[in-house]
Amino acid sequence: MKILITGGAGFVGSSIGILLKQRYPHYQIFALDNLKRRGSELNLPRLKEAGIIFFHGDVRNPEDFNELPEINFIIEASAEPSVLAGINSTPDYLVNTNLSGTVNCLNFAVKKNANFIFLSTSRVYPINQIEKIIYEEKETRFNIKEKQNISGISLTGISEDFPLEGYRSIYGATKLCSEYLINEYQHFYNLKTVINRCGVLTGPWQMGKVDQGVVVLWMARHFWKQDLSYIGFNGSGKQVRDILHVNDLFELTDYQIHNIDKINGETYNVGGGKDVSVSLKELTHYCSEISGNTISINEVKENRTADISLYITDNSKVTAATGWEPKTGTKEILKNIYDWIKNNEQQLYPILK
Ligand SMILES: NC(=O)c1ccc[n+]([C@@H]2O[C@H](COP(=O)([O-])OP(=O)(O)OC[C@H]3O[C@@H](n4cnc5c(N)ncnc54)[C@H](O)[C@@H]3O)[C@@H](O)[C@H]2O)c1
């Protein structure tokens, strides 16, 4: 097995690469990354130590693929992953990386006859449809109600039947456009593909920042005793997301690599699900408990652009097809992140603080 991971120095790419190499030491794993994300450079020694070969390259440049060796699998994990990207600035980088870059990866996969796993996002589901979800306000979070008026939403969360018509953020749109092209390549060029529409992913080595990687950001701010804000939804902090430990995503990726014929052409919602979900208010409680620090949290009443009140993944389809389920609970995820920050405090300080 010769696997190329694009965005291979990023949080997801490096985590999956290193875990794959640990489980299958005889596999050859290559990571391509342009190191755009601040902090990805910290993963280079980790990749090297794991025996992963790093290529400094850019998915926007088809020429950069010419340098790469023979491969038979691509995990496309490169991206500008912020939902705010391109909204108050030009979308050039976003579109060129997340859409044209994916096309370059697809063309390379065709050339090498390599199978293709794509890291998509729950953000393909439109904001205006998510706003139709009926929920109730409880003491610490918003809760989905049983009776709903649109398809694809239940107490279990959002399934693949959720409507796709509407606006979703430019980030979400680049991912959905990529998904459409992947399906065309799968059908017309006989590429074997699988698409994972991931909810919030987290874990050690996520370089959390204000606009991306909220769970790590929250813990880091507690660790270094800095302020935070509940932005939007009346400053209540009741907005909810499910969270998935990257180690759990790795287990699914492992299955998908080795069972691609069974799941070829499929698109799955993938996330922590309702049992591993948390509101910002609850996140504060956990972070405070684990770090032993209490910090001040401002309340900003106005909603932030492209924000949503809740997202919970319904994993029914992926679980039925693969048997995979998330295993790591909320508290365990947070403890894991806390330990990682504590053990790498000096190295992480300039990036996370
Ligand atoms: N982290 C999440 O919560 C989450 C949720 C859903 C989907 N995803 C998707 O998962 C994938 C991985 O995200 P992540 O959390 O690891 O983000 P990340 O920013 O940590 O990793 C992305 C990597 O891609 C690299 N990159 C950016 N532009 C590039 C380019 N033009 N050429 C080559 N490399 C480039 C960055 O330097 C970075 O190392 C992305 O596709 C993202 O959209 C992430």
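This is a predicted model: local features need pLDDT of at least 70, side-chain atom pairs count only at pLDDT 80 or more; totals for chains, interfaces and linings use all residues.
Q: Which element gives the largest share of the shell around the ligand?
A: E5 does, with three residues.

Q: OK, which residues come nearest to the ligand?
A: Asp33, Ser40, Tyr93, Tyr171 and Lys175, out of 32 residues around the ligand. A residue is near a molecule or strand if one of its heavy atoms lies within 4 Å of it.

Q: What lies 2.7 Å from an oxygen atom of the ligand?
A: A polar side-chain atom of Ser40 does, and so does a polar side-chain atom of Tyr171. At Ala79 a backbone N or O atom lies 3.4 Å from a ligand oxygen atom. A polar contact is a pair of N or O atoms within 3.5 Å.

Q: And how much of the ligand does the protein bury?
A: The protein buries 97% of the 820 Å² that the ligand exposes when taken alone. Accessible areas come from the Shrake-Rupley method with a 1.4 Å probe.

Q: Which elements give two or more residues to that shell?
A: Helices H1 (11-23), H3 (92-112) and H5 (170-188), plus strands E5 (115-121) and E11 (200-202).

Q: New topic: strand E13. Buried or exposed?
A: Six of the six residues of E13 (residues 240-245) are buried, so this strand is largely enclosed by the rest of the structure. Buried means under 20% relative accessible area (1.4 Å probe, protein chains only).

Q: Which way do the residues of E13 point?
A: Val240, Asp242 and Leu244 point one way, and Arg241, Ile243 and His245 point the other way.

Q: Which strands does E13 pair with?
A: E11 runs parallel to E13, with three bridges between them, and Val200 stands opposite Ile243. Strand E15 (residues 277-279) runs antiparallel to E13, also with three bridges, and there Asp242 stands opposite Ser277. Strand E17 (residues 310-311) is parallel to E13, with two bridges, and Arg241 stands opposite Tyr311. Two strands pair if DSSP finds at least two bridges between them.

Notes: Residues are numbered from 1 along each chain as its sequence is written. Side-chain values use heavy atoms; hydrogens and water are left out. A polar contact is a pair of N or O atoms within 3.5 Å; within protein, one must be able to donate a hydrogen and the other to accept it, and residues adjacent in sequence count only if both atoms are side-chain atoms. Helices (H or I, at least four residues) and strands (E, at least two) are DSSP runs, numbered from the N terminus. Buried means under 20% relative accessible area, exposed over 50%, partly exposed in between (1.4 Å probe, protein chains only).
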